Amino acid sequence: MTNVLEVKGITKHFPGVLANDHVDFDLKKGEIHALLGENGAGKTTLMNILYGLYKPDSGEIFKNGEPVVLNSPKDAIAIGIGMVHQHFMLIPVFTVTENIMLGDESIKNGVLDRRGVSAKVLELSQKYGLEIDPEVHVEDIPVGVQQRVEIVKTLYRRAEILILDEPTAVLTPQEVDDLFRIMRELTSQGVSIIFITHKLKEVLAIADRITVMRAGQVVGTVTPNETDEPHLAAMMVGREVILNVEKEPAKPTEEILTVNDLHVLDQRGLEAVRGVSFSVRAGEILGIAGVQGNGQPELVESLTGLRQSMSGHVTLMGNDVTNRPPRPIIEIGMSHIPEDRQRHGLVLSYPIADNLVLCTYYLPPFGVKFVIQNKAIDEYARKLITDFDIRTPSPYMPTSNLSGGNQQKVIVARELSRSVRLLIANQPTRGLDVGSIEYIHKQIVSMRDKGVAVLLISAELDEIMSLADRIAVMYQGKIVDVLDADKTTKSELGLKMAGAGVSVTP
Amino acid sequence: MEFKRFAFIALIIIVLIGVVVVVGKSEVAPSVIIVSMIATTISVATPLTLGALTGVFCERAGVVNIGIEGMMLASAFFGWFAAIYMNTILEMGALPSLIVGVIAAVVTGGLLGLLHAVLSVTFKVDQIIGGTVINLMAVGISGFLNRQLFFEKQSIFGGQVPHAPGVLPRIHIPFLADIPVVGTIFDQQPITIAAILLVFITHYVLFYTRWGLRTRSVGEHPLAADTVGINVYWMRYMNVIIGGLIAGLAGAYFTLESVPSFEPLMTNGRGFIALAAMIFGNWSPFGSWAAALVFGAAQALQINLQFFRELIPPQWAFLQSSAVVGMVPYVLTMLIMTGIIGKTRAPAADGTPYEK
Ligand SMILES: Nc1ncnc2c1ncn2[C@@H]1O[C@H](COP(=O)(O)OP(=O)(O)O)[C@@H](O)[C@H]1O
Ligand SMILES: [Mg+2]
């Protein structure tokens with residue numbers, strides 16, 4: 001078979017980083033070629049080079065065997081390359097049609113031919129089974145649909161090579177299935193796809209070939225039937241990785257956190273949490289599963305003192321902590337790994353050491369009579385940096401300099417090193433790669449085994465299934481069911497998360 | 001939402017006109033007062049309308065422009081200077097001199113637009129600082145040259161302000177201007193008419209053309225525009241320059257259409273009020289025009305109340321003070337900027353330099 005696209009010896013330096021190191025990669029017509037690698041492996045960099053956004057320091061690109069030079073996205077579009085970026089490139093206030101035609105507008109009688117383009121969009125969306133409404137504004141549609149708009153945008157430009165950069169990171173399990181169906185439909189009609197991800201199951205499910213990158217280099221290319229998850233994980237990380245969390249059955253004891261008929265409003269004043277009750281006992285992990293936007297952030301914010309609830313009660317170890325500010329709740333014994341590490345978890349401009357004592361700096365041994373004890377903080381920080389394997393040259397680097405995975409480790413180190421009775425972990429491994437995920441999972445299980453009550457909120461079904469002892473499914477602001485983790489299946493959970501079999505009045 | 005905004009604007013204008021009608025009705029027929037108020041409103045709103053359109057072009061492309069005031073002032077001066085130079089030194093006729101003056105003003109605005117683009121797009125200088133630089137520079141240069149040219153014995157004008165070629169003549173719009181009573185409204189000067197046409201043209205360009213779609217895209221999400229092959233820098237440059245040209249026309253209004261003279265600082269904050277009008281108009285051409293008319297009406301109130309000063313009833317004596325009435329446009333600006341009427345929404349990338 002011919003290579004529609006081939007790159008040879010691509011090298012790209014960024015200040016202090018070798019993002020691509022003599023990378024070779026090829027794509028055959030009509031195949032799905034997965035590019036697998038941890039965060040920072042250099043996948044996006046390679047794709048941005050293919051899309052004309054970055055210029056490589058050296059290396060060559062061939063289209064159908066002919067060498068090409070790509071100086072801008074325009075050049076890439078012209079030879080039939082389309083890219084769906086990790087962060088969508090859509091303009092929220094524009095309609096779907098406007099977004100699709102932008103840069104390649106069709107003009108009729110001197111004005112934008114919105115109607116013509118809209119018809120063309122409908123035609124494309126029917127041809128490939130990508131349901132979209134051309135007239136709505138992009139800000140009003142869910143991310144899964146926005147992604148389809150991005151795909152149609154490339155098809156509208158007659159792309160025959162489609163680059164999907166971590167397309168599944170923002171999707172629900174059902175949306176992932178939809179995407180895979182669309183990808184198969186596209187390849188059956190002659191489109192070739194480069195599919196980027198760091199999720200092992202996905203590449204095995206959909207790819208024709210898999211190329212693994214690590215630290216800027218290609219480690220190897222394999223086909224799904226000659227490999228399996230542990231093998232791929234080892235290629236990705238460079239060592240053996242334990243994928244399944246090993247844990248003993250839970251031995252829950254007394255109730256630590258009790259939530260009673262809690263109602264919470266969201267930013268817009270709408271009721272996001274609508275009467276939630278549950279309890280978490282010492283020595284167990286209660287998972288909250290749910291598609292994004294079903295009230296989980298509001299629930300967590302209210303439990304951690306970041307948001308006032310409207311009514312209901314929260315009890316932590318016998319203390320009424322309803323609508324108390326964060327500090328007293330923390331002092332009673334709560335740890336919180338927040339969903340958005342950069343907004344709620346860290347002061348990015350502070351040194352790592354300061355972030356590590358962010359909830360304890362005023363207590364001995366770090367703060368004695370209004371004076372910060374720098375020596376104690378230094379020792380403590382160095383210990384945590386070693387224990388939690390935070391990759392940094394010094395405890396006094398600004399935290400913003402760390403990669404996402406290492407920033408997350410700073411939070412985990414801070415939150416798991418205090419003696420607490422309750423751990424609220426909200427999307428603790430979001431955006432992390434298998435190596436870091438393995439580590440954080442182990443830590444959470446060991447907290448549980450030490451008798452801590454753990455509340456785990458995650459949009460990743462695999463994470464919930466493998467960590468949680470009990471799973472509460474949240475849908476439209478209510479807990480619709482609580483299941484035993486070892487007596488349920490992924491598909492049952494997926495359906496419950498999508499609201500199947502529940503009648504909830506909006 | 002939009003309806004509420006326009007209804008609110010109409011209401012304020014009606015109230016402002018109403019005040020003058022109530023005060024003056026014992027001497028002049030209400031219909032005459034209303035027509036005169038409307039005509040004055042449209043005319044004095046011209047620099048605000050144009051200034052707001054300047055803002056619309058710049059900010060829709062993602063560049064904040066608080067230098068509109070300075071662009072207008074500098075253009076007012078250079079337009080005035082060019083017209084006088086043509087008329088006095090080159091002995092050109094009055095109308096041709098005025099036309100050359102308008103062109104000079106527009107070019108001045110365009111050059112300052114170019115300067116703002118260089119500062120904010122290429123050098124990524126903080127856009128507020130860039131705009132402030134233009135404002136300060138315009139005050140300094142126009143003030144200095146004004147002294148040097150017209151008050152220094154050795155200057156080409158011999159140290160005195162020469163006789164000006166007058167102001168741009170009214171354009172009598174056929175049929176419309178002949179309607180009894182109401183006709184006065186359509187008897188306007190050319191820059192005023194151009195401003196109204198530009199409102200429609202800007203709307204058309206922004207929302208119905210390729211240029212407009214691309215302009216708005218670089219103001220909302222420049223990286224997205226870049227990934228579909230749009231040259232973000234070029235789009236921003238051109239729109240800021242177009243904005244500058246329009247600000248230049250606004251400058252010409254002051255010295256070539258409104259009064260035949262230049263005074264230092266004569267724009268008197270109108271550039272900033274124009275910016276307020278643009279925001280209140282939600283970055284849209286028609287909204288900006290409507291908001292400019294509110295301020296225009298406030299100014300028309302001030303002008304018309306002076307004719308009727310003696311008629312103001314004693315319990316409204318405070319209206320006799322021109323200081324009080326003169327405050328109205330500025331108080332309105334502050335009230336309106338507090339967002340009492342609906343939320344406005346700036347282009348998402350407004351004020352953010354684009355880094356590749
Ligand atoms: N624009 C940039 N400037 C500097 N460094 C960058 C830039 N883009 C990526 N990098 C660095 O290059 C490396 C590879 O990044 P990336 O290609 O985004 O990885 P991946 O997509 O595989 O997660 C990382 O170390 C990242 O920090
Ligand atoms: Mg990436």
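**Close-up views of a predicted two-chain model**

**View 1. A salt bridge between two buried side chains of chain A.** The side chains of A:Glu415 and A:Arg418 come together in a salt bridge, with an N to O distance of 2.6 Å. This and every other view here shows a predicted model. A:Glu415 counts as buried because its relative accessibility is 4%. A:Arg418, at 14% relative accessibility, counts as buried too.

View 2. A:Glu492 and A:Lys496 form a salt bridge whose closest N and O atoms are 3.3 Å apart. The two residues lie 4 residues apart in helix H17 (residues 490–497) of chain A, so about one helical turn separates them. A:Glu492 has 29% relative accessibility and therefore counts as partly exposed. Elsewhere, A:Asp26, A:Lys28, A:Glu31 and A:Arg209 are joined into one network by salt bridges that share partners.

View 3. A:Thr44, through OG1, and A:Gln86, through OE1, coordinate the magnesium ion (ligand 2) at 2.0 to 2.7 Å. This pair links distant parts of the chain, being 42 residues apart: A:Thr44 sits in helix H1 (residues 43–50) of chain A, and A:Gln86 in the loop between strand E6 (81–84) and helix H3 (96–101) of chain A. A:Thr44 counts as partly exposed because its relative accessibility is 27%. A:Gln86 is likewise partly exposed, with a relative accessible area of 30%.

**View 4. Helix H13 of chain A and its packing partners.** Helix H13 (residues 374–387) of chain A has 14 residues, and its first and last C-alpha atoms are 20 Å apart, close to the 20 Å expected at 1.5 Å a residue. Its buried residues are A:Ala376, A:Ile377, A:Asp378, A:Tyr380, A:Ala381, A:Leu384 and A:Ile385. They pack against helix H12 (352–356), strand E20 (371–372) and helix H14 (404–416) of chain A. Just after H13(A) comes A:Asp389, with a positive phi of about 55°.

**View 5. A cis peptide bond between two prolines.** A:Pro364 and A:Pro365 are joined by a cis peptide bond, with omega at about 5°. A:Pro365 belongs to the loop between H12 and strand E19 (367–368) of chain A.

**View 6. Helix H2 of chain B under its cover.** The 15 residues of helix H2 (residues 30–44) of chain B should span 21 Å at 1.5 Å a residue, which agrees with the 21 Å between its end C-alpha atoms. Its buried residues include B:Ile33, B:Val35, B:Met37 and B:Val44. Among the elements that cover the buried residues of H2(B) are helix H1 (2–24), helix H3 (46–60), strand E2 (187–188) and helix H7 (190–208) of chain B.

**View 7. B:Leu198 and its contacts.** B:Leu198 is found in helix H7 of chain B. With 19% relative accessibility, B:Leu198 counts as buried. Leaving aside residues up to four places away in sequence, B:Leu198 touches B:Leu50, B:Leu53 and B:Leu249. The C-alpha atoms of B:Leu198 and B:Pro285 are 8.7 Å apart, although 87 residues separate the two along the chain.

**View 8. Helix H4 of chain B, mostly covered.** Helix H4 (residues 68–89) of chain B has 22 residues, so at 1.5 Å a residue it should span 32 Å; its end C-alpha atoms are 31 Å apart, which agrees. Of those 22 residues, 17 are buried. B:Glu91 follows H4(B) and has a positive phi near 55°.

**View 9. A nonpolar patch on the surface of chain B.** B:Leu95, B:Ile99, B:Ile103, B:Val107, B:Leu111 and B:Leu114 make up this patch, and together they have about 520 Å² of accessible area. B:Leu95 is located in helix H5 (residues 94–122) of chain B. Its relative accessibility of 43% means that B:Leu95 counts as partly exposed.

**View 10. Two loop residues of chain B with positive phi.** B:Phe175, not a glycine, has a positive phi of about 65°, and lies in the loop between strand E1 (171–172) and E2 of chain B. B:Phe175 counts as exposed, at 72% relative accessibility. B:Asn282 also has a positive phi, near 55°, and lies in the loop between helix H11 (270–280) and H12 of chain B. At 16% relative accessibility, however, B:Asn282 counts as buried.

Note on methods. Residues are numbered from 1 along each chain as its sequence is written. Chains are lettered from A and ligands numbered from 1 in the order in which they are written. This is a predicted model: local features need pLDDT of at least 70, side-chain atom pairs count only at pLDDT 80 or more; totals for chains, interfaces and linings use all residues. Side-chain values use heavy atoms; hydrogens and water are left out. The expected span of a helix is 1.5 Å times one less than its number of residues. Buried means under 20% relative accessible area, exposed over 50%, partly exposed in between (1.4 Å probe, protein chains only). Contact means heavy atoms within 4.5 Å. Patches are made of residues with over 30% relative accessible area and no salt bridge: like charges are joined within 9 Å, nonpolar side chains (Val, Leu, Ile, Met, Phe, Trp, Tyr) within 5 Å. Accessible areas come from the Shrake-Rupley method with a 1.4 Å probe; for residues, only the protein chains shown count as cover. A salt bridge is a side-chain nitrogen of Lys or Arg within 4 Å of a carboxyl oxygen of Asp or Glu. Donors are N, O and S atoms within 2.8 Å of the metal (3.2 Å for Na, K and Ca); water is not among the atoms, so sites may look incomplete.
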